[in-house]
Amino acid sequence: MGSVGAKEVPVLLSPEGLRIDGRRVNELRPIRITAGPLKHADGSAFVEWGQNKVMAAVYGPREVHPRHLQQNTKAVIQCKYNMAAFSVDERKRPGLDRRSQEISKVIAEAFDSVVFAEEFPRTSIDVYIEVLQANAGTRCAGLVAASVALADAGIPMADLLPAVAVGKAGGAIILDLKKEEDNFGEADLPMALVPQSGRLVLLQMEGHMTREELSTALDLGVQGCRQVYEVMKQALRDRYAVAAEPGAVA
Amino acid sequence: MSDEVTAEILTTHILDLAGQGKRLDGRSADEYRPVSVEPGFVVTADGSALVRIGDTSVLSGIKLEPGKPFPDTPNAGVLTTNAELIPLSSPVFEPGPPQPGAIEVSRVVDRAIRAAETIDLTRLCVTPGEKSWVCYVDIHVLDHGGNLIDASLLAALGALAHATVPAKRFGIAEADYPLEVHHYPIECTFVRLGEAIVVDPTFDEERAAQGRITVATDETGRIVAMQKGLVGAFSPDDVKAVVERAFAHGDRLRRLARGVEA
């Protein structure tokens with residue numbers, strides 16, 4: 001639990017090049033993904049990523065609510081990113097806020113780029129992301145959870161969407177910022193990659209970087225996404241390898 | 001369309017089974033599903049617990065913040081309970097402001113916590129009339145397999161029982177200290193299925209139910225809250241019988257919430 005009063009800027013990078021939690025600049029926090037933990041959703045996934053805990057569920061294709069959003073040629077992908085009141089140090093008031101709405105929008109658009117939505121005209125694919133415990137990088141963890149949940153729901157897609165934030169802290173370009181690095185660092189750049197095409201479908205940035213730094217950051221992010229991709233695929237293998245065994249309860 | 005048709009067929013089947021003294025999942029009328037309480041699930045909360053009852057899963061987190069006491073209770077802290085029936089947890093929940101169902105869960109859980117004097121609110125007062133702790137009990141339903149009231153109170157109680165007052169963090173005392181829990185209210189919910197009254201209803205049983213009744217009991221033998229819900233009716237004798245059953249289940253569930261082996 002962080003301090004509430006005057007904030008002291010921590011040393012974000014040691015002279016040996018180690019970060020606040022002992023990681024190297026290009027190292028991810030530990031990631032654990034469980035596919036299909038929820039029994040009542042069409043697809044679900046739970047992601048523990050460093051100190052983040054994020055649950056995602058997918059419903060659909062199903063009827064569109066509200067009706068006027070229905071499209072005749074394709075499914076609409078609706079996303080709701082939400083933070084539990086107790087997921088952050090200072091209690092977050094429940095309900096919609098501008099940050100959550102923006103994140104929901106860019107995540108929905110990222111999925112719209114890979115889901116074969118034209119196969120399900122006049123339906124909705126609803127993606128719900130609940131942040132239960134937050135420690136920087138929740139939109140990336142949420143996107144990863146939602147992507148595995150979409151696969152768990154059997155929604156056809158061009159690819160899974162791994163995501164990670166890169167940034168700058170203590171003067172260095174670093175992979176996968178944790179809270180202190182996000183709060184006191186110089187830049188934050190979350191991204192999501194389509195591994196098969198090598199293209200980015202989510203990209204945001206806040207802070208300041210030179211063009212050389214940005215170039216390094218993008219390369220580092222792509223590399224990080226490819227590592228996350230392996231964990232995502234393994235989670236799906238684990239889930240369905242168990243389900244395929246005789247007598248196992250899916 | 002198909003959802004409503006299946007629901008109708010399932011309801012008929014559940015009621016037929018109940019007439020033969022049976023339930024869809026093979027339980028007896030007085031059998032509760034397996035229950036687990038996992039405290040400390042969320043480290044950003046001052047206390048938390050993840051509760052599973054069968055395939056229902058509810059997470060509760062406690063947050064304590066300095067605030068102002070209410071003018072009519074200047075010597076007491078403030079307790080606020082809020083349940084979120086988020087659309088992630090069930091195809092029947094839609095996004096948006098809390099619906100009456102969520103408000104009912106919040107209020108029924110809040111009543112039990114308050115009436116049982118679970119926490120001594122006067123101990124949450126810092127300066128009378130000016131400064132007190134506000135204790136937020138937030139309940140997040142993750143997987144809706146029925147009986148959200150029992151699961152929500154159990155999660156809230158599990159979270160309260162393991163909560164820490166962050167006094168050092170807010171500069172109110174030298175050190176953080178445990179939030180003391182004085183009583184352990186447990187809610188136990190039943191539904192009527194024809195002539196049968198069954199404990200711990202599943203989602204499908206709730207949909208088939210001809211009335212629901214919840215009884216909250218504490219470890220001292222008090223009944224601290226009740227709520228009749230859904231369309232349907234109970235006789236005074238039904239209520240008396242249900243109270244006895246609620247006490248029996250309460251004793252067992254209470255041990256789980258306190259972290260004592262059942």
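**View 1. Helix 3 and helix 5 of chain B pack at an angle of about 40°, with their axes 8 Å apart.** Axes here are lines fitted to C-alpha atoms, for helices over the stretch in contact, and angles run from 0 to 180 degrees between N-to-C directions. That angle makes helix 3 of chain B oblique to helix 5 of chain B, given that angles under 35 degrees count as roughly parallel, over 145 as roughly antiparallel, 65 to 115 as roughly perpendicular and the rest as oblique. In helix 3 of chain B, B:Leu154, B:Leu157, B:Gly158 and B:Ala161 meet B:Leu253, B:Ala257 and B:Arg258 of helix 5 of chain B, where two residues are in contact if their C-beta atoms, placed from the backbone, lie within 7 Å. By class, this contact has five nonpolar, one polar and one charged residues; Ala, Val, Leu, Ile, Met, Phe, Trp, Tyr, Cys and Pro count as nonpolar, Asp, Glu, Lys and Arg as charged, and the others, Gly among them, as polar. Helices (H or I, at least four residues) and strands (E, at least two) are DSSP runs, numbered from the N terminus.

The model is a predicted one, in which local features need pLDDT of at least 70 and side-chain atom pairs count only at pLDDT 80 or more, while totals for chains, interfaces and linings use all residues. Residues are numbered from 1 along each chain as its sequence is written, and chains are lettered from A and ligands numbered from 1 in the order in which they are written.

**View 2. An open sheet of chain B has four strands in the order 10-9-11-12, with antiparallel pairing.** Two strands pair if DSSP finds at least two bridges between them. Strand 10 (196–199) and strand 12 of chain B are the edge strands, each pairing on one side only, and neighbouring strands of this sheet are turned by 20° against each other on average, direction ignored. Strand 11 and strand 12 of chain B run antiparallel and are joined by six bridges, and B:Val215 stands opposite B:Met226 in strand 12 of chain B. Helix 2 of chain B lies across strand 9, strand 11 and strand 12 of chain B, running at about 165° to strand 12. Helix 3 of chain B also packs on the sheet, touching strand 9 and strand 11, and its direction makes about 175° with that of strand 9 of chain B.

**View 3. Helix 2 of chain B (residues 100–115) has buried residues that several elements of chain B cover.** Its 16 residues should span 22 Å at 1.5 Å a residue, which agrees with the 22 Å between its end C-alpha atoms; the expected span is 1.5 Å times one less than the number of residues. The buried residues are B:Ala102, B:Val105, B:Ser106, B:Val108, B:Val109, B:Asp110, B:Ala112 and B:Ile113, a residue being buried if 20 or more other C-beta atoms lie within 10 Å of its own, exposed if 12 or fewer, and partly exposed in between, with C-beta atoms placed from the backbone. Among the elements that cover them are strand 4 (78–84), strand 6 (131–143) and helix 3 (148–161) of chain B. Just after helix 2 of chain B, B:Glu117 takes a positive phi of about 50°.

**View 4. An open sheet of chain A has five strands in the order 1-2-3-5-4, with mixed pairing.** The edge strands, each pairing on one side only, are strand 1 (31–35) and strand 4 (76–83) of chain A. Strand 4 of chain A runs parallel to strand 5 (residues 124–133) of chain A, and eight bridges join them; A:Val127 in strand 5 of chain A is the bridge partner of A:Cys79. Helix 1 (residues 98–112) of chain A lies across strand 4 and strand 5 of chain A, at about 145° to strand 4.
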